[in-house]
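Please find below a note on the structure under review. It is set out as numbered points.

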Amino acid sequence: MPKLYYQGHGSYRITDNDGRVIYVDPYAGDGYDLPADIILVTHQHQDHNQIDRCAQKEDCVIFTNKEAIEAGGYMTCHIDDADISIEAVEAYNDKHSVDECVGFIITLDGVKIYASGDTSKTEQMATFAQRKLDYAILCGDGRYNMGPAEAADCARLIGAKHNMLVHVMPGENIREIAENWEAPNKLILGPGDEIDL
């Protein structure tokens, strides 16, 4: 069964059934010792792009916003021998340019995960319900991104089976904020928590 380990802030690690390791927006917490097969970076702000924190396999694939946005389009990265697909999607708000930021839809072991990156509500989110996502991992600091109320609206719009709030302001208690988050089917994770997907 694939697993997700929440490192803190907007950082988490996903491990598939065959032990392949994906890091998303490395920055916070621990757990970077498992050598990465894939590293995903939604944008180049320093709290999302600390690639050097991750142990890496020799053939590690690094897929950042730079590779994901090409000629005005959104690219998909396929790891064919692993049956892993990573599709870049819109991410933007007044602090994050649509030309420099992405989210990702990650598909592995039959599980579909939306990694929002730093964003507010996007037009594309209205199409996500038809994708039948298993997990939506949504930012919610309310200062550089949408706040918890808007993130809950996005969760309802997206219609994933499970919703997780991440990326709250430094020093704030993510568990307490998530407890009061009014999203459906919410998961409450704190730094160092791991779940089966």
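1. Basis of the model. The model is predicted: local features need pLDDT of at least 70, side-chain atom pairs count only at pLDDT 80 or more, and totals for chains, interfaces and linings use all residues. Residues are numbered from 1 along each chain as its sequence is written, and side-chain values use heavy atoms, with hydrogens and water left out.

2. One cavity of 30 Å³ or more is present in the structure. On a 1 Å grid over the protein atoms alone, a cavity is a set of points where a 1.4 Å probe fits but cannot get out, and lining residues have an atom within 4 Å of a point. Grid points are joined across faces, edges and corners, and a volume is the space filled by probe spheres set on the points. The volume of the largest cavity is about 70 Å³. Its lining comprises 13 residues, with Gly 10, Asp 25, Ser 116, Gly 117 and Val 166 nearest the centre. Six of the lining residues are nonpolar, five polar and two charged; here Ala, Val, Leu, Ile, Met, Phe, Trp, Tyr, Cys and Pro count as nonpolar, Asp, Glu, Lys and Arg as charged, and the others, Gly among them, as polar.

3. Open space. The largest pocket contains about 320 Å³ of space. Lining this pocket are 19 residues, and His 9, Asp 47, His 167, Val 168 and Pro 170 are the closest to its centre. A pocket is an open set of grid points with protein on both sides within 12 Å along at least five of seven lines. The pocket lining divides into eight nonpolar, seven polar and four charged residues.

4. Aromatic pairs. Three aromatic pairs are found in the structure. Rings of Phe, Tyr and Trp (its six-membered ring) pair if their centres lie within 6.5 Å; planes under 30 degrees apart count as stacked, over 60 as edge-to-face and the rest as tilted. One of the pairs joins Phe 63 and Phe 104, and it is tilted because the ring planes stand at 40 degrees, with the centres 5.7 Å apart. Phe 63 belongs to strand β5 (residues 56-64) and Phe 104 to strand β10 (residues 102-108), so this pair ties together parts that are 41 residues apart in sequence. Helices (H or I, at least four residues) and strands (E, at least two) are DSSP runs, numbered from the N terminus. Phe 63 is buried at a relative accessible area of 6%, and Phe 104 is buried at 0%. Buried means under 20% relative accessible area, exposed over 50%, and partly exposed in between (1.4 Å probe, protein chains only).

5. A further aromatic pair. The ring centres of Tyr 114 and Phe 128 are 5.0 Å apart and the planes are at 65 degrees, so the pair is edge-to-face. Tyr 114 lies in strand β11 (residues 111-115), whereas Phe 128 lies in the loop between β11 and β12 (135-139), so parts 14 residues apart in sequence are tied together. Both Tyr 114 and Phe 128 are buried.

6. Cysteines. How many disulfides (pairs of cysteine sulfur atoms within 2.5 Å) does the structure hold? The count is zero. For Cys 77, the closest cysteine sulfur is that of Cys 60, at 10 Å, which is too far for a bond. For Cys 139, the closest is in Cys 154, at 8.2 Å, again too far for a bond. Cys 77 is buried at 11% relative accessible area, and Cys 139 is buried at 1%.

7. Salt bridges. The whole structure contains nine salt bridges, each a side-chain nitrogen of Lys or Arg within 4 Å of a carboxyl oxygen of Asp or Glu. Among them, Lys 161 meets Asp 134 at 3.3 Å, N to O. Lys 161 is in the loop between α2 (148-158) and β13 (162-166) and Asp 134 is in the loop between β11 and β12, so the bridge ties together parts that are 27 residues apart in sequence. Lys 161 is exposed, with a relative accessible area of 52%, whereas Asp 134 is buried at 11%.

8. A bridge from helix α3. The closest N and O atoms of Arg 175 and Asp 193 are 2.9 Å apart in another salt bridge. Arg 175 lies in helix α3 (residues 174-179) and Asp 193 in the loop between β14 (186-187) and β15 (194-196), so this pair ties together parts 18 residues apart in sequence. Arg 175 is partly exposed at 37% relative accessible area, and Asp 193 is partly exposed at 21%. Elsewhere, salt bridges with shared partners join Asp 16, Asp 18 and Arg 20 into one network.

Terms used:
A disulfide is a pair of cysteine sulfur atoms within 2.5 Å.
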